[in-house]
Amino acid sequence: MAKTPVRFTLNGSETALFVDGGANLLDTLRRGVGDLSPKYGCGQGTCGTCTVLIDGEPHLSCLTLAETVEGRSIETTGGLSNGADLHPLQRVFMENFGAQCGYCTPGMLMAAKALLAKNPNPSREEVVEAISGNICRCTGYEPIIDAILATAGQMRGRVA
Amino acid sequence: MSSIEFRKDLFADERDDTLKEIGKPTIRQDILGHVTGRSPYFDDHLFEGLLHMRCVRSPHHHARIRSIDTSAADRMPGVRRVIRPEDVPNNLNTLLALINFGKDDEALLQGKKVAYVGEPIVAIIAETERQARDAAAVVRVDYEVLPHVLDVEEALEPNAPVVSETYPNNTFDYHELYDHQKLRFGDVEKGFAEADHIVEGRYQMSPIEQAPTETCGAIAAPETNDRFVCYTSTQALFFSLGTTAKLLDMPSSQLHFIGGTVGGGFGGKVDSLHEPLAVLGSKLTGAPVKYIFDRAEEMQVGAPRGAERWYIKDGVMNDGRIVARQFTGFFDCGAYTRLSSYAIIKGTGHLPGPYSIPNVASNVYCVYTNRTPATAMRGFGITGVDFSIECHMDKVAEAVGMNPIELRILNAYRDGDMKAHRRLAKNTALIECCQVAASKADWAISAQAAAQTSLQGGGGERAAIPETVTDQAGKIGERRRNKIPTAPGEGASAKGRVAAGTSVAPIIAVPPQRDDMIIDPARTGHRKSAAEQSPAVPSVHSAPIAPPRYTPPTPPTQAPMAPPPAAPVAQPQQQAAAVQPAAAEPYKPTEPFQKGIKRPGVSRFISGTRRR
């Protein structure tokens with residue numbers, strides 16, 4: 001099968017590889033690059049566990065063709081922390097019991113990051129809307145929503 | 001956290017209130033991996049040259065397989081191996097065979113007769129998932145479609161199709177005697193005759209898919225020394241290990257199973273059959289093989305919580321007392337047993353719900369139908385019948401014109417009551433739950449109901465085991481020959497009576513077979529309170545173990561706590577007094593271990609040397 005070269009930035013580092021025609025971004029990140037933080041949940045864009053940020057916008061990597069990210073910037077949960085220093089979202093998720101089985105967490109974190117980048121002071125409804133594409137089958141939504149709201153508060157406090 | 005409310009005013013004297021963890025926020029030990037995306041789920045292990053497995057699945061509810069033609073699939077690009085049913089070394093198993101319960105009824109790959117839509121027939125291993133899918137699509141299976149049955153009661157009709165030849169009556173056989181699980185306590189017919197009202201109801205619940213976000217799967221790869229490593233999403237690692245060893249007819253020492261990080265299970269990953277196929281694939285190809293459900297398979301083939309149907313018939317007095325309750329229950333276990341046989345036993349032990357009812361009878365059937373095999377899910381065996389019981393309580397309240405919460409408080413079991421499965425109720429709290437629920441919901445209850453407590457009013461006469469009517473209806477094989485009623489007591493067989501105060505089947509502890517199976521507190525390090533270390537318990541090392549003997553239970557008049565209100569209050573105080581000094585005692589490194597690590601706060605089981 002013909003392979004296509006693709007270059008993109010993954011969590012700030014230049015990445016280049018050959019992908020099969022029709023390969024999706026999720027498989028490319030997981031198997032091709034070895035970033036295992038986005039997860040496979042449904043493969044049809046309904047569960048949100050594979051959410052990554054493409055140029056800051058949340059996208060479902062299972063429905064994104066790898067070839068289409070040529071030249072773009074991708075962020076995943078694997079690059080959220082700065083070494084051992086956790087991102088405020090990660091820290092507050094830990095403190096607020098924002099994960100149970102943990103499978104939806106990487107997708108939730110990406111959706112939350114995109115929301116807070118655009119809207120540093122979201123209402124509860126806006127948080128619910130932002131994570132409405134991400135399913136938590138352990139049904140731990142309340143702590144997740146609380147954690148996102150608490151992070152927004154902390155980040156605003158730090159900026160001000 | 002903040003939504004939890006501790007009602008410490010209730011049963012305050014029963015509690016040793018030195019909780020170290022409960023009520024305080026704790027950070028989960030695995031959460032750092034979760035928020036950094038580094039928790040190792042089974043699919044987060046990369047292998048060079050990983051092969052992918054897909055199954056050819058039955059499109060029919062019920063069909064005999066005439067032939068399987070895999071020759072076209074063999075020639076498809078990327079295909080490395082096609083696994084046919086005859087390639088499975090020991091192609092018949094049932095999960096609970098590992099604890100010697102039930103007959104082997106399910107093939108890993110079905111080659112004779114499929115009994116549900118999605119039953120796997122052939123497994124294809126190819127270099128990419130796409131190639132495996134394409135090859136699976138060209139496998140030709142010649143089916144002879146058979147009539148199917150999808151309803152539990154239809155499956156019990158004499159002319160219903162036989163779902164599984166292992167169980168030709170379409171029911172799991174209990175105790176090698178009956179086609180259902182029986183519970184008899186007192187005489188429901190007498191109760192119905194005395195009652196002012198008879199209230200009947202029919203309730204049912206559909207199958208429910210656990211739908212974990214991570215679909216079920218496993219990766220197996222050859223390791224050194226002819227072993228296989230298997231990363232799996234299973235919830236029950238040793239079930240998976242034992243099942244794999246049995247199906248593949250290989251010693252479990254050859255299998256290195258790694259699990260523990262599960263992306264949501266909820267019961268659906270207890271009986272997964274991914275590991276045996278992945279290991280078999282790895283053995284046949286010599287390469288790492290991944291077998292994972294896609295979402296459609298997870299929903300269609302992944303074993304759900306089974307459907308249930310319940311008929312409840314109550315005899316109720318005008319004042320709301322329930323004097324008799326009869327259940328007829330049907331668990332839809334799907335085409336194969338998996339864990340349903342056990343769910344029925346669990347559900348029967350739960351009857352008649354948290355209520356003291358002097359006459360109870362139930363017949364519960366584990367019925368085979370041509371639906372997806374059912375398995376565990378969050379309280380399975382209990383959930384459907386609890387839903388039915390509580391719906392029925394509301395119906396009873398309506399029939400006698402009573403406040404439904406007061407009806408529950410009136411009939412609730414209390415400490416010291418005898419339950420239908422012949423165990424005394426202990427630490428009951430339904431009355432208190434009803435009272436708190438009523439106040440939270442602003443639901444007015446009478447002052448009399450509000451003054452009730454679980455600690456009083458139980459025991460005494462309510463602790464007695466009544467004279468019990470038994471019957472032989474529903475012996476294995478009877479139902480198919482002549483249609484007999486499913487409800488308790490309606491069969492034609494002779495009725496017997498078991499004298500009051502008798503447990504029908506004495507429960508005798510299995511004697512330890514080997515010396516090292518004896519739980520010796522001095523060796524295992526289990527701290528025992530002074531009360532537990534009574535001289536009645538023989539010390540294993542000082543005295544030889546006598547074979548267990550059945551001692552007839554004490555007559556019911558003497559057995560339970562003599563003054564009902566006093567006993568439950570007094571006992572916990574005694575216990576608390578005995579336990580508390582032990583908890584406060586400083587750690588003593590000299591006992592009970594002679595070897596191993598003895599530092600406080602360090603597990604005693606990491607010494608690396610084998611004790612004794």
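Start by selecting strand S2 of chain B, residues 63-69: six bridges join S2(B) to S6(B), and the two run antiparallel. Keep in mind as you look around that this is a predicted model.

Now widen the selection to bring in S4(B): three strands make up an open sheet here, ordered S4-S2-S6, with antiparallel pairing. Colour the edges next. They are S4(B), at 113-114, and S6(B), at 140-145, each of which pairs on one side only.

Next stop, the chain contact. Show chains A and B together: 30 residues of chain A and 23 residues of chain B take part. On the chain B side, go to helix H1, residues 31-36, which gives the most to the side touching chain A, with six residues. Colour that side of chain B by class and you'll get nine nonpolar, eight polar and six charged residues.

Last, jump along chain B to helix H11 (residues 404-411) and helix H12 (residues 430-440), which pack with their axes 9 Å apart at an angle of about 165°. Angles over 145 degrees count as roughly antiparallel, so that is how H11(B) and H12(B) lie to each other. Their crossing is left-handed.

Note on methods
Residues numbered from 1 in each chain as written. Chains lettered and ligands numbered in written order. Predicted model: local features only at pLDDT ≥ 70, side-chain atom pairs only at ≥ 80, totals over all residues. Pairing = 2+ DSSP bridges. Helix = DSSP H or I, 4+ residues; strand = E, 2+ residues; numbered from the N terminus. Contact = placed C-beta atoms within 7 Å. Nonpolar A, V, L, I, M, F, W, Y, C, P; charged D, E, K, R; others polar. Axes fitted to C-alpha atoms, helices over the stretch in contact; angles between N-to-C directions. Parallel < 35°, antiparallel > 145°, perpendicular 65-115°, else oblique. Left-handed = near helix turned anticlockwise from the far one by under 90°.
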